[in-house]
Amino acid sequence: MRLLGVLGGMSWESSAHLYALLNRGVATRLGGLHSAPVLMHSVDFADIEARQRAGDWVGAAALLGAAGAGLKAAGAEGLLLATNTMHRVADAIEAAAGLPLLHIVDATALALRAQGIRRAGLLATRYTMEPGSFYHLRMQRHGIELLTPAAAQADEVNRIIYEQLCRGQILPASRQLYLEAVRALAGRGAQAVILGCTEIGLLLDASAQPLSPLPFFDSTALQAQAAVDWICTPGGTTTD
């Protein structure tokens, strides 16, 4: 197996979930007592979030790139960025770290295409959902059109992420609001909905799927699957 470097802590709630997915995936693949060989640098999310609000994406990329370089120095052979939003500066982080990055949008897009989906709804932070964002542009490269909630719903989706999910608060009222946003996206022609923030899968979990008119594509789970493939395939390549 190859040693994977993970940039986590954004938030730690979702990073802990991702860590479990990686280990369970390797155990399922290889059996016995196997687990994922992982190095994680968990950053202080308060610093990253403050830089997001200030529009200091260059500073955030430099911080994460340096952390990634540290993971390389410690022996990591590949890099996983345990956040959707910070993929906005994935290229800069990858360059600074000097490690190949397993891109979360590519993993999600490949799963959508495998199911014949060409138009998907997106629930995520406002930085990820905004028109013309990195998420829209990278999905377009895969031939997938994204729909996002109307402004008021998008504001609530973003608020719940930062005020609740990143703090480990899973509230029924918030789940209902997200499901209402999914129904609205279905009404506009979405064939599926991307859970495009690493915390959203904690809210819209398997128990919520039967209540949704659209199938969920959990970006965190799909990223973990791609990472397990990479870990267990010596000499494999990442997407670019």
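Gln 223 touches Leu 18, Leu 80, Leu 81, Ala 82, His 87, Leu 102, Ile 104 and Ala 107, leaving aside residues up to four places away in sequence; contact means heavy atoms within 4.5 Å. This is a predicted model, in which local features need pLDDT of at least 70 and side-chain atom pairs count only at pLDDT 80 or more, while totals for chains, interfaces and linings use all residues. Residues are numbered from 1 along each chain as its sequence is written, and side-chain values use heavy atoms, with hydrogens and water left out.

**Setting of Gln 223**
- Gln 223 lies in helix H11 (residues 219-231); helices (H or I, at least four residues) and strands (E, at least two) are DSSP runs, numbered from the N terminus.
- Gln 223 counts as buried because its relative accessibility is 1%, where buried means under 20% relative accessible area, exposed over 50% and partly exposed in between (1.4 Å probe, protein chains only).

**Strand E3**
- Gly 78 and Leu 80 point one way from strand E3 (residues 78-81), Leu 79 and Leu 81 point the other way, and all are buried.
- Strand E1 (residues 4-8) runs parallel to E3 and is joined to E3 by four bridges; Leu 4 has Gly 78 as its bridge partner in E3.

**The sheet**
- Three strands form an open sheet in the order E2-E1-E3, with parallel pairing; two strands pair if DSSP finds at least two bridges between them.
- Strand E2 (38-42) and E3 stand at the edges with a single partner strand each, so one side of each has no neighbour in the sheet.
- E1 and E2 run parallel and are joined by five bridges.
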